[in-house]
Amino acid sequence: MKIGIGYDVHAFSENRKLILGGVSIPYEKGLLGHSDADVLVHAIMDSILGALGQGDIGKHFPDTDEKYKDISSLILLEKVYNIMIDAKYKIGNIDTVIIAENPKLFPYIENMKLNISKVLNTDISNINIKATTTEKLGYTGRGEGIAAQSVCLLMAIE
Ligand code: ZN
């Protein structure tokens with residue numbers, strides 16, 4: 001088995017949709033980025049690529065490449081899934097934290113878990129998503145952006 005860690009941050013911006021875990025969340029701002037800026041899915045992808053010893057998402061999906069502009073990060077996650085399968089690994093489990101002062105994310109977490117578990121072809125119980133604030137401290141506390149962390153365990157396919 002192999003373990004990996006992922007971490008990502010995106011800044012809030014006007015006139016952008018807020019997409020987390022592939023769920024569109026009603027909010028006054030969205031996250032700025034070349035793709036849909038799904039900070040949670042980006043952290044998950046980096047944790048899987050990390051476990052595989054395959055670098056990071058910047059290496060696989062450069063933000064200078066027009067074909068990734070505004071792309072759904074779930075499509076990129078599917079590409080990472082295929083890299084994992086080619087390497088003969090499957091998801092053991094994934095644990096994540098989203099760090100955001102606002103909006104409140106609890107109502108959307110089950111749908112995020114469902115989206116991610118479907119793409120990664122694993123049981124929903126293998127995906128955990130936690131949401132926390134930083135008690136108004138730092139850039140997340142001031143509502144300047146959202147951060148996400150992910151740890152994953154991959155199991156060798158026999
Ligand atoms: Zn990102």
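1. Helices (H or I, at least four residues) and strands (E, at least two) are DSSP runs numbered from the N terminus. By that rule the chain has five helices and seven strands, in the sequence order β-β-β-β-α-α-α-β-α-β-α-β.

2. The model is predicted: local features need pLDDT of at least 70, side-chain atom pairs count only at pLDDT 80 or more, and totals for chains, interfaces and linings use all residues. Residues are numbered from 1 along each chain as its sequence is written, and side-chain values use heavy atoms, with hydrogens and water left out.

3. For 158 residues, a compact globule would have a radius of gyration near 15 Å, and the chain agrees with its 15 Å. The radius is taken over C-alpha atoms, and the globule rule is 2.2 Å times the number of residues to the power 0.38. Along the principal axes, the C-alpha atoms fill a box of roughly 45 × 35 × 25 Å.

4. The zinc ion is coordinated by D8 (OD), H10 (NE2) and H42 (ND1) at 2.0 to 2.1 Å. H10 is in strand β1 (residues 2-13) and H42 in helix α1 (residues 39-52), so the pair ties together parts 32 residues apart in sequence. Donors are N, O and S atoms within 2.8 Å of the metal (3.2 Å for Na, K and Ca); water is not among the atoms, so sites may look incomplete.

5. H10 counts as buried at 13% relative accessibility, and H42 counts as buried at 6%. Buried means under 20% relative accessible area, exposed over 50%, and partly exposed in between (1.4 Å probe, protein chains only). Buried residues make up 47% of the chain's 158 residues.
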